[in-house]
Amino acid sequence: MFLPDYYEFCARVKTVAGHRALDRIPEMLTTLGASRPMIVTDKGVAGAGLIKLVNGAMKGSKAKVGALYDEVPPDSEYTIVNAAAKLYRAKKCDSIIAVGGGSVLDTAKGINILVSLGGSNILDYEGAGAVKRKLKPMIAIPTTSGTGSEVTLVAVIADHKKKVKMAFTSYFLLPDIALLDSRMTKTLPPFLTAPTAMDALTHACEAYYCLAKNPLSDATALAAIRLISANLLKVIKKPADLQGRLDLANGAILGGMAFSNSLVGLVHNLGHATGGACGVPHGVCMSLFLPYGLEYNMHKRAKEIGELLFPLAGPEVYAATPLKQRPEKTIEFIRKMNQDLHDATGGRHARFLKEIVDREGRQMVPKEKLPDIARTAQGDGTKVYNPEEINYDDALMVLEHAYEGTPLDRRKIKKG
Amino acid sequence: MNYDTYPEIRPGRKTLKRIYIAVMLFIVGRAIQAACRTDSTVRKEFLNFKDGFAFSLGVYPFGPWMVVGRDEKGRAKYLGWNPEGKKIPLKMNIKNVESAMLVFTFMESTSVAFARNRFMVDGDLVDALAIVRVLDLVEVYLLPKLIAKLAVKRYPKWSELSPVKKHLGRIVIYTRALLGF
């Protein structure tokens, strides 16, 4: 077991998980001293009938939904936060129920900062440590099994004008309650289930080898990897498998707990920058950068990367692989996962940057954008937590390989 | 009950450690100003900051601190040890004296200190990361390789910073930091 000289771990979000966990909402609101929540969600979630399930769970209780804000876009930005906070105040709400994926949950956290601490612009609270006291009650209900935002201390919110994603970090951003209900992810189509779950897998893998790793984040990371690896393809092939959906949701929350405490590195660094510069969904970036993150840090974290093979591939494969070959086998396994997901989604799951297209089929990451992405990545906080230094040249080198889908040339990696 | 038998305990101020940190901050602050006039990478970082940019680095809650700003020509300027009354868009505080000692005795690199949640950052994170890059480079100039390797994640390769440039830069930066120009 790895024991650092010093570590911190905080996972104080009450988690309620089950096939009909939503039924607990009214009672949970009462225990939080709230009765007029604002529901924050997006059009997709509302259109899929998931808000009806939440409303249904609240029938017969004293609580009333003060406002339904369903205009969170896929890649939310600070202006949305500012507008929704105005609505919360106008409707005299006293709490927030966030129902959605990462964008919705992070937007809700941003709204909570403004309505609790005052002010009209969320940008005033950017950084680590600007949020210094308890916020209004918040229940987070994820509808993807990926972000882990329901248990993390961070909110990532974009500034589309500047084409950057900003992180807001504070223990006070941890929601009060995370509620996992298998019905909430049942309707998520396979092409979205795949990258979001790979996002969760990335959280767990990076948590296991990045700078703030610790015994508690290790335990949650390994459990997350086991659940995700065992259930992802199963659920892609049979989307209505409620137990598989719940297992994936549990994997995502465990991954969230892990990375919220040990933080993440190169994969998120390049992922945030690619998302900010080209509008690529976060999970897509995570899937394709994950093997590169492992390769890039291999010289410093071979042991840890080798250990990931156990929860990923199972005891038989792990035992049959010689110690020295385990790190390589881990990377190979993740590349194969991406390939399997690509095949299972009819080619919609991208394996490398040049393969990513928008709804109209246009390429989202042109090659000439790579220098911009590398530059943006230099301003993303996750670079600090990566075991190896990431300069502009390093980031560009990795991006060029990720663009073509070729493995890294290990000789080109500068070793610190 | 005799309340006098339950004395108040006033924590000490850790004066010696604070003096050590104050001296280190003074040297680093002046060295940043000097490095900005000597090294093109540091100069570029400061040119990228907005007009009126300044940052403080110190120990929460009583200091010491150093304050460095960007002058009208886009160069770094050491603004002293006292942040009070100054407009400082980026405040970086180490959470306590002992954590600051770990950083300033190079027992913990800046990255590890960040990973161990020893810093509070109030301001633009992009600017904070630029300051971390500047600090890393200044440490490479100021410290012998053996010690600097403990303070930075990756010591620059020859292709990134040649020994000639490094040693000449070190002499110039030390001279300028001592003389304050």
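# Briefing on a predicted two-chain model

In chain A, 79% of the contacts with a separation of 6 or more are between residues 24 or more positions apart, a contact being two residues whose C-beta atoms, placed from the backbone, lie within 7 Å. The structure is a predicted model, in which local features need pLDDT of at least 70 and side-chain atom pairs count only at pLDDT 80 or more, while totals for chains, interfaces and linings use all residues. Residues are numbered from 1 along each chain as its sequence is written, and chains are lettered from A and ligands numbered from 1 in the order in which they are written.

**Chain A overall**

- Chain A contains 16 helices and nine strands; helices (H or I, at least four residues) and strands (E, at least two) are DSSP runs, numbered from the N terminus.
- The C-alpha trace of chain A spans about 60 × 50 × 45 Å along its principal axes.
- A compact globule of 416 residues would have a radius of gyration near 22 Å, and the 20 Å of chain A agrees with this; the radius is taken over C-alpha atoms, and the globule rule is 2.2 Å times the number of residues to the power 0.38.
- Of the 416 residues of chain A, 56% are buried. A residue is buried if 20 or more other C-beta atoms lie within 10 Å of its own, exposed if 12 or fewer, and partly exposed in between, with C-beta atoms placed from the backbone.

**Domains of chain A**

- Chain A is divided into domain 1 (14–185) and domain 2 (189–412), with bounds that come from an automatic or database domain assignment.
- The C-alpha centres of domain 1 and domain 2 of chain A are 26 Å apart.
- The contact between them takes 29 residues from domain 1 of chain A and 31 residues from domain 2 of chain A.
- On the domain 1 side, the elements giving two or more residues are strand 1 (14–18), strand 7 (154–159), strand 8 (164–169) and strand 9 (177–181) of chain A.
- The residues on this side of domain 1 of chain A comprise 12 nonpolar, 13 polar and four charged. Ala, Val, Leu, Ile, Met, Phe, Trp, Tyr, Cys and Pro count as nonpolar, Asp, Glu, Lys and Arg as charged, and the others, Gly among them, as polar.

**Helix 4 of chain A**

- Helix 4 (residues 78–90) of chain A has 13 residues and reaches 19 Å from its first C-alpha to its last, close to the 18 Å expected at 1.5 Å a residue; the expected span is 1.5 Å times one less than the number of residues.
- Its buried residues are Tyr78(A), Ile80(A), Val81(A), Ala84(A), Ala85(A) and Tyr88(A). They cover an arc of only 145° around the axis and therefore lie on the same side of helix 4 of chain A, the arc being that of the directions from the helix axis to the C-beta atoms.
- The cover over these buried residues includes strand 2 (37–40), strand 3 (67–69), helix 5 (102–117) and strand 7 of chain A.
- Ala83(A) and Ala90(A) are exposed on the face of helix 4 of chain A turned away from its buried side.
- After helix 4 of chain A comes Lys92(A), with a positive phi near 50°.

**Arg348(A)**

- Arg348(A) is in the loop between helix 14 (326–344) and helix 15 (370–377) of chain A.
- Arg348(A) counts as partly exposed because it has 17 C-beta neighbours inside 10 Å.

- Chain B has seven helices and five strands, and 45% of its 181 residues are buried.
- The C-alpha atoms of chain B fill a box of roughly 75 × 35 × 30 Å, taken along the principal axes.
- In chain B, 19 residues are in contact with 22 residues of chain A.
- Helix 4 (110–115), strand 5 (119–122) and helix 5 (125–142) of chain B are the elements that give two or more residues to the side touching chain A.
- That side of chain B divides into 10 nonpolar, three polar and six charged residues.

**Helix 7 of chain B**

- The 17 residues of helix 7 (residues 163–179) of chain B should span 24 Å at 1.5 Å a residue, and the end C-alpha atoms agree at 24 Å apart.
- Gly169(B), Ile173(B) and Ala177(B) are the buried residues of helix 7 of chain B. They cover an arc of only 55° around the axis, which puts them on the same side of the helix.
- An α-helix has 3.6 residues a turn, so residues three or four places apart point the same way.
- Helix 1 (15–36) and helix 5 of chain B are included in what covers the buried residues of helix 7 of chain B.
- Exposed residues on the other side of helix 7 of chain B include Pro163(B), His167(B), Ile171(B) and Leu178(B).
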